[in-house]
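Please consult the display below while reading.

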Amino acid sequence: MGDGMRLGIGIGWRPEIAGEVEALPGIDWVEAVAENLCADHLPNSLVRLRERGVTVVPHGVSLGLGGADRPDPGRLADLAARATLLGAPLVTEHIAFVRAGGARTGSPALEAGHLLPVPRTRAALDVLCENVRIAQDALPVPLALENIAALVSWPDEELTEGQFLAELVGRTGVRLLIDVANLHTNHVNRGEDPAVALDELPVEAIAYVHVAGGVEKDGVWHDTHAHPVTAPVLDVLAELRSRVDPPGVLLERDEAFPPAGELAGELDAIRGVLEKGGGASAAWAPPEVPPASPVSESVRDGVAVAQTALLSALVAGTPAPEGFDRSRLRVQSRALAAKRAGVVARVAPELPEILGAGYRAAFLAYAGARPMASGYRRDALDFAEHLLIAGRPEDDAARRRLTRWWRDRAAPRPPGRATRLARAARSVLVGR
């Protein structure tokens, strides 16, 4: 992404609103979730948008650059392929971890199915910076990283969010994707002042900005991307605009999509904030990145142990690590399970059709005992298998439909007794 390039006003492209996005006036660019795109061809809607000159930026969600392990080469290659296919000026990801456990900790591998916060410690920053440099070397275009929303805070953090981001930029030259809704979320949930964060981070490093909606329940802000953008989020956008004129601003919506007119109204509200002015455009001059010393395996192991303990508490029911707010961990755990149920319903819509109103309760009961160890499609198959082994659903016709669905996608026949016993033993080990 060149120093002087401006993206303008954009919206998150999702298949469910592809037609509405194409018809919205004044859209300069769109962002597409990278993992939802095939590596060798694009949806017709994105082809048409590109033919009109609309820029498409791939937005990754699964690299887990804040995790203890080095980035997976296959995931990096997939992200690079999508950037090339789209002719994108940059790619974006998150400052988060999404999996833990495995060989480094000698424990079962766990998937969060969600973005979890990295502890703002020197050790975690060292690991993140090395992972970012590995990603930058593997990608054909510049990388920008997004600050995430969080329901929980790590104990004994050594840096504020702004300080953490500033050091990340200074040590890697990475660009920033600042999500103002996430800054608001962290203000409500963690008492962090968005203005302080904006004062501390290098605003000239901002590649673009996210704006999204959420909802407050029982004093906790949930960054849902399924509700309208609220006035407090627009206030944070105004704070940012008072410091810098960002190269791009994008509206995100992932669920409960409103009519096109409501999307257009939210975009107009964003334009209104930006037009009030304040900070000037800032040309990006990448910092002189200092030579990096390799991160020791012992440092990575320490980060791995801490992240595994947190993720295991959230998805496997193990005790809460010392120093965490247990009530917040319960909220986060429920949110992860609910999201998992929702995503499985989207990737395998036949399951809620077969199970009807009992789908959600059945899935949440399954998820409470079976942490996700792979992707959502595998999770859907494992859920169906779990039900069939238990002789469910009780309705014969529904059970026959579920059996056919499972056989078509997993294997020619349901698992035998030995397989069932092995999987039951594995579940017990995971739950320890």
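## Aromatic pairs

Tryptophan 154 and phenylalanine 324 are both buried (buried means under 20% relative accessible area, exposed over 50%, and partly exposed in between, with a 1.4 Å probe and protein chains only). The model is a predicted one, in which local features need pLDDT of at least 70 and side-chain atom pairs count only at pLDDT 80 or more, while totals for chains, interfaces and linings use all residues. Residues are numbered from 1 along each chain as its sequence is written, and side-chain values use heavy atoms, with hydrogens and water left out.

Rings of Phe, Tyr and Trp (its six-membered ring) pair if their centres lie within 6.5 Å; planes under 30 degrees apart count as stacked, over 60 as edge-to-face and the rest as tilted. The ring centres of tryptophan 154 and phenylalanine 324 are 5.1 Å apart and the planes meet at 65°, so this pair is edge-to-face. It links distant parts of the chain, 170 residues apart: tryptophan 154 is in the loop between strand 7 (143-146) and helix 5 (161-172), and phenylalanine 324 is in the loop between helix 10 (297-315) and helix 11 (326-347). Helices (H or I, at least four residues) and strands (E, at least two) are DSSP runs, numbered from the N terminus.

The rings of phenylalanine 363 and phenylalanine 383 are also edge-to-face, because their centres are 5.0 Å apart and their planes are at 70°. Phenylalanine 363 belongs to helix 13 (residues 359-369) and phenylalanine 383 to helix 14 (residues 376-389), 20 residues apart. Phenylalanine 363 is buried, with a relative accessible area of 0%, and phenylalanine 383 is buried with a relative accessible area of 0%. Tyr359, Phe363, Tyr366 and Phe383 form one aromatic cluster.

## Helix 5

The twelve residues of helix 5 should span 16 Å at 1.5 Å a residue, and the end C-alpha atoms are 17 Å apart, which agrees; the expected span is 1.5 Å times one less than the number of residues. Its buried residues are Glu161, Gly162, Phe164, Leu165, Leu168, Val169 and Thr172. They cover an arc of only 165° around the axis and therefore lie on the same side of helix 5, the arc being that of the directions from the helix axis to the C-beta atoms. An α-helix has 3.6 residues a turn, so residues three or four places apart point the same way.

The cover over these buried residues includes helix 4 (122-138), strand 7, strand 8 (175-179), helix 6 (180-190) and helix 7 (194-200). Just after helix 5, glycine 173 takes a positive phi of about 75°.

## Backbone features in loops

The peptide bond from arginine 392 to proline 393 is cis, with omega near 0°. Proline 393 lies in the loop between helix 14 and helix 15 (396-409).

Aspartate 156 has a positive phi, near 60°, in a residue other than glycine. It is located in the loop between strand 7 and helix 5 and is exposed, with a relative accessible area of 70%. Aspartate 218 has a positive phi near 55°, lies in the loop between strand 10 (215-217) and strand 11 (220-222), and counts as exposed at 82% relative accessibility.

## The chain as a whole

The protein chain has 16 helices and twelve strands. Buried residues make up 52% of its 432 residues. Along the principal axes, the C-alpha trace spans about 65 × 50 × 45 Å.

Key:
Contact = heavy atoms within 4.5 Å.
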